[in-house]
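Here is a short tour of one set of strands and of the aromatic residues around them. Keep the structure open beside the text and follow along as you read.

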Amino acid sequence: KVVRQYYGHLSGIYALSLHPTLDVLVTAGRDASARVWDMRTKTQIHVLGGHRGTVASVACQEGDPQVITGSMDATIKLWDLAAGRCVTTLTHHKKSVRALALP
């Protein structure tokens, strides 16, 4: 039985992450975006756009309302979850960023 569905990505989902302290789900997709969803209301809060390729990985920070995304465009972006905008972009990776790990 399907409990919940979220609609918004234009193509497949590559990764997802639940924030450990906030009631939000972050999905990463082939449409070069990550999307932030309110788990209580099932609504989309933000579209985190700015990558030029598939967003292949996503990680939520426990202490701060921040999200980190890794993309096949060889960049990592740090996002302010409250504002829904990019704080910084890390470049100079030689290949796709397919996995992220936080301590």
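Strand β1 (residues 13-18) and β2 run antiparallel and are joined by five bridges. This is a predicted model, so please read every value below as computed from it. One place to look is Ser17, which stands opposite Val26 in β2.

On to the next neighbour. β2 is also joined by five bridges to strand β3 (residues 33-38), and these two run antiparallel. Here Leu25 has Trp37 in β3 as its bridge partner. The hairpin formed by β2 and β3 has three residues between the strands, and Ala32 in that turn shows a positive phi of about 65 degrees.

How many of the six residues of strand β2 are buried? Six of the six in β2 (residues 24-29) are, so the strand is largely enclosed by the rest of the structure. In a regular strand, side chains alternate between the two faces of the sheet. In β2 both faces are covered: Val24, Val26 and Ala28 are buried on one side, and Leu25, Thr27 and Gly29 are buried on the other.

Now turn to the aromatic residues. Tyr14 is placed in strand β1. Tyr14 touches Ala28, Gly29, Arg30, Thr54, Val55, Ala56 and Met72, leaving aside residues up to four places away in sequence. With Arg30, the C-alpha to C-alpha distance is 6.7 Å, although Tyr14 and Arg30 are 16 residues apart in sequence.

The structure also holds one aromatic pair. Tyr6 and Trp37 form this pair, which is tilted, with 5.2 Å centre to centre and 55 degrees between the planes. It links distant parts of the chain, since Tyr6 lies in the segment before β1 and Trp37 in strand β3, 31 residues apart.

| Residue | Relative accessibility | Class |
|---|---|---|
| Tyr6 | 23% | partly exposed |
| Tyr14 | 44% | partly exposed |
| Trp37 | 3% | buried |

Why does Trp37 count as buried? Its relative accessibility is 3%, and buried means under 20%. Tyr6, its partner in the tilted pair, is partly exposed because its relative accessible area is 23%, and that class lies between 20% and 50%. Tyr14, at 44%, counts as partly exposed too.

Methods: Residues are numbered from 1 along each chain as its sequence is written. This is a predicted model: local features need pLDDT of at least 70, side-chain atom pairs count only at pLDDT 80 or more; totals for chains, interfaces and linings use all residues. Side-chain values use heavy atoms; hydrogens and water are left out. Buried means under 20% relative accessible area, exposed over 50%, partly exposed in between (1.4 Å probe, protein chains only). Helices (H or I, at least four residues) and strands (E, at least two) are DSSP runs, numbered from the N terminus. Two strands pair if DSSP finds at least two bridges between them. Contact means heavy atoms within 4.5 Å. Rings of Phe, Tyr and Trp (its six-membered ring) pair if their centres lie within 6.5 Å; planes under 30 degrees apart count as stacked, over 60 as edge-to-face and the rest as tilted.
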